[in-house]
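Biologist: Before we discuss details, please show the sequence and the model. I shall then ask about the architecture piece by piece.

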There are 2 protein chains.
Amino acid sequence: MHPFTKRHRDSVAALGETRLIEAIRRWLGDVCPPPPFGIGDDCAVLPPAPRRQLVTTDPVIYGRHFNDTVPPRAVGDKLLKRNLSDLAAMGARPTAAVIALALDPRVRTRWLEQFYRGLAAAARRFGVAVVGGDVAQADGFLGAFLTLFGEAAGPRVVPRTGAHRGDWIYVTGTLGGSLLGRHWRFTPRLAAGAWLAHRREVRAMMDVSDGLARDLHALTPPGAVPALTAAAIPVSPDARRQARHTGHTPLHHALSDGEDYELLFAVAARADRTALERAWQRAFPRLRLTCIGRFADAGKIPPGSLRLGAFHGYEHLQ
Amino acid sequence: MHPFTKRHRDSVAALGETRLIEAIRRWLGDVCPPPPFGIGDDCAVLPPAPRRQLVTTDPVIYGRHFNDTVPPRAVGDKLLKRNLSDLAAMGARPTAAVIALALDPRVRTRWLEQFYRGLAAAARRFGVAVVGGDVAQADGFLGAFLTLFGEAAGPRVVPRTGAHRGDWIYVTGTLGGSLLGRHWRFTPRLAAGAWLAHRREVRAMMDVSDGLARDLHALTPPGAVPALTAAAIPVSPDARRQARHTGHTPLHHALSDGEDYELLFAVAARADRTALERAWQRAFPRLRLTCIGRFADAGKIPPGSLRLGAFHGYEHLQ
């Protein structure tokens, strides 16, 4: 559905701000706590947080994170899941969210309704309360900016930094070709992230959102380089499908495409990898886990390792 | 300064995302906590919050909340202050913020630097840590979406609901004509908000951001109407100045213009108003406090009361 309309009566301008906010509260339904202290006051009020809190913010913007081919329900779903993936990447679970909407007055009310219903369904599924937000006018624009709060699911959170030279590099699921639909059909790896945060041998973790080749830099310890085995990279069926049309190899897509929303993590060099992989199999029998290489000394890259320099990943702002 | 440039080398596109994020961290300086767990990881990590937390989100969007006449430093300053005003309105103090930026690749790097330096200066002044954020590309657009966290400054927070029929209506400062510059030169009423939250006779509070005539509805208890005294409305010198050019009366501007960022609150009908006003005088000798009327029975509006129906305030989405 195209989000804009030329018919005034179908647009959010016909509703006006006050009725739009009432409608949003209705569309969100039970994921929106009752007043006071929810949507409608100057601030939302959250209960005290006895543990450290995690906060992340990610938007969906028309023309960038979605287009007319993505159903509006899926856009709302994707908005929450993008942020959930960031929580998953630190081993956290979600609690609450606020959402700032910026939109042209010609946005179709029906589009927005479907968007919020999709967001609400995802919030219900993952146990997130939508506690507040803002609506602002922005001519020729449609974007929603969500800020998500969470808490550690266990005794620690796992940062991106923490890997050492020699550590093994693992990734969940398969990579590449997300443009064929997985960029909005993905499942945030919350359960897997929480499980991995309980394993002491997992030293650093992040999610793959800009392509493995690009994201892996953030996990790489100083003085090391990722030495990957090309044959080990879990190339997705979508990456193979897309390669038929683009002239790139499936491996190129697996390394360079963005929006995989899989977990990428480092496992201590001396860890019992067999024990880890067996425990994973029992916990997540249907989610692939692959060791794709290790962090080598910058001067001692094993022969035959994949050179990541040739792959760029998704570069923003270009 | 116009935020967009035609010269590639002056634009954020020339920097690219990675170097832009490094630059943002540098521009923010000491208001940005050191890694890990600050900017650069999947999530920001905040300390446990022993009290209830307050959350609010408000953006600044080019063409809507600022234009080429507002210095970029003032735009960053305004972004934080808009959100601080929401915390003030509940009697809270700020703790931390995250900021999601959406921008065209042609945005001028120098504009953005000044924006972040202005934001950092305000964050330093008000004791806010900028703990995380996101940068997303949005063609033809420039907007920054801030989510601010805070905690109650005293034993309670003051919601918008809570006024009763017969309660007195008060407002701080003077109103109207913010377009002449006060829309970005204002001071968020944090100290006043915290002070008022400690006074039991203050039953409901909000900030005036869309014009008194519009905002007052949110404070009005069911079955009541605001009965205002026209002569009591604290009309700002800017409202008088603007009236000379617009054909409207100064009172019209005081009631209808947005972005006053003053506090509007209800005082219990039986309160000792003289004691309240004297205590206020001692605490805030330079900030005007005005009783502008009271909430009357819907059927018993005192003769001579101002009819708010003729004034609309700022209507979004039109």
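Biologist: In what order do the five strands of the open sheet of chain A stand?

Modeller: In this predicted model, the five strands of the open sheet are paired in the antiparallel sense. β7 (202–208) and β8 (224–228) of chain A have a single partner strand each and stand at the edges, so one side of each has no neighbour in the sheet. Neighbouring strands are turned against each other by 30 degrees on average, direction ignored. The order in chain A is β7-β9-β6-β10-β8.

Biologist: Which residue of β9(A) stands opposite Tyr170(A)?

Modeller: Strand β6 (residues 168–172) and strand β9 (residues 262–267) of chain A run antiparallel and are joined by four bridges. The residue opposite Tyr170(A) in β9(A) is Phe265(A).

Biologist: What angle does the direction of helix α10 of chain A make with that of β10(A)?

Modeller: Helix α7 (residues 212–219) of chain A packs on the sheet and touches β6, β7, β8 and β9 of chain A, with its direction at about 150 degrees to that of β7(A). Helix α10 (residues 273–283) of chain A also packs on the sheet, where it touches β6, β9 and β10 (289–297) of chain A. The angle between the directions of α10 and β10(A) is about 150 degrees.

Biologist: Which residues of helix α8 of chain A are buried?

Modeller: The cover over the buried residues of α8(A) includes α5 (182–185) and α9 (250–256) of chain A. Gly247(A), with a positive phi near 85 degrees, follows the helix. The buried residues of helix α8 (residues 237–246) are Asp238(A), Ala239(A) and Gln242(A).

Biologist: Which helix of chain A gives the most to the side of domain 1 that touches domain 2?

Modeller: Chain A is divided into domain 1 (8–152) and domain 2 (168–310), and the centres of these domains, taken over C-alpha atoms, are separated by 30 Å. Their contact takes 15 residues from domain 1 and 15 residues from domain 2 of chain A. On the domain 1 side these residues divide into eight nonpolar, two polar and five charged. The most, nine residues, comes from helix α3 (residues 72–88) of chain A.

Biologist: Is β2(A) largely enclosed or left exposed by the rest of the structure?

Modeller: In a regular strand the side chains alternate between the two faces of the sheet. Both faces of β2(A) are covered: Gln53(A), Val55(A), Thr57(A), Pro59(A) and Ile61(A) are buried on one side, and Leu54(A), Thr56(A), Asp58(A) and Val60(A) on the other. Since nine of the nine residues of β2(A) are buried, the strand is largely enclosed.

Biologist: Which residue of β5(A) stands opposite Pro59(A)?

Modeller: Ten of the eleven residues of β5(A) are buried, so this strand is largely enclosed by the rest of the structure. Strand β5 (residues 142–152) runs antiparallel to β2(A) and is joined to it by nine bridges, with Gln53(A) opposite Glu151(A). Strand β3 (residues 92–103) of chain A pairs with β5(A) in the antiparallel sense over eleven bridges, and Ile99(A) stands opposite Leu146(A). The residue of β5(A) opposite Pro59(A) is Phe145(A).

Biologist: Which strand of chain A gives the most to the side that touches chain B?

Modeller: In the contact between the chains, 63 residues of chain A meet 63 residues of chain B. The chain A side divides into 36 nonpolar, 14 polar and 13 charged residues. The most, eight residues, is given by strand β2 (residues 53–61) of chain A.

Biologist: What is the bridge partner of Leu54(A) in β1(B)?

Modeller: Strand β1 (residues 44–46) of chain A pairs with strand β2 (residues 53–61) of chain B in the antiparallel sense over three bridges, where Leu46(A) has Gln53(B) as its bridge partner. β2(A) and strand β1 (residues 44–46) of chain B likewise pair in the antiparallel sense, over three bridges. There the bridge partner of Leu54(A) is Val45(B).

Terms used. Residues numbered from 1 in each chain as written. Chains lettered and ligands numbered in written order. Predicted model: local features only at pLDDT ≥ 70, side-chain atom pairs only at ≥ 80, totals over all residues. Pairing = 2+ DSSP bridges. Helix = DSSP H or I, 4+ residues; strand = E, 2+ residues; numbered from the N terminus. Axes fitted to C-alpha atoms, helices over the stretch in contact; angles between N-to-C directions. Contact = placed C-beta atoms within 7 Å. Nonpolar A, V, L, I, M, F, W, Y, C, P; charged D, E, K, R; others polar. Domains from an automatic or database assignment. Buried ≥ 20, exposed ≤ 12 C-beta atoms within 10 Å, placed from the backbone.
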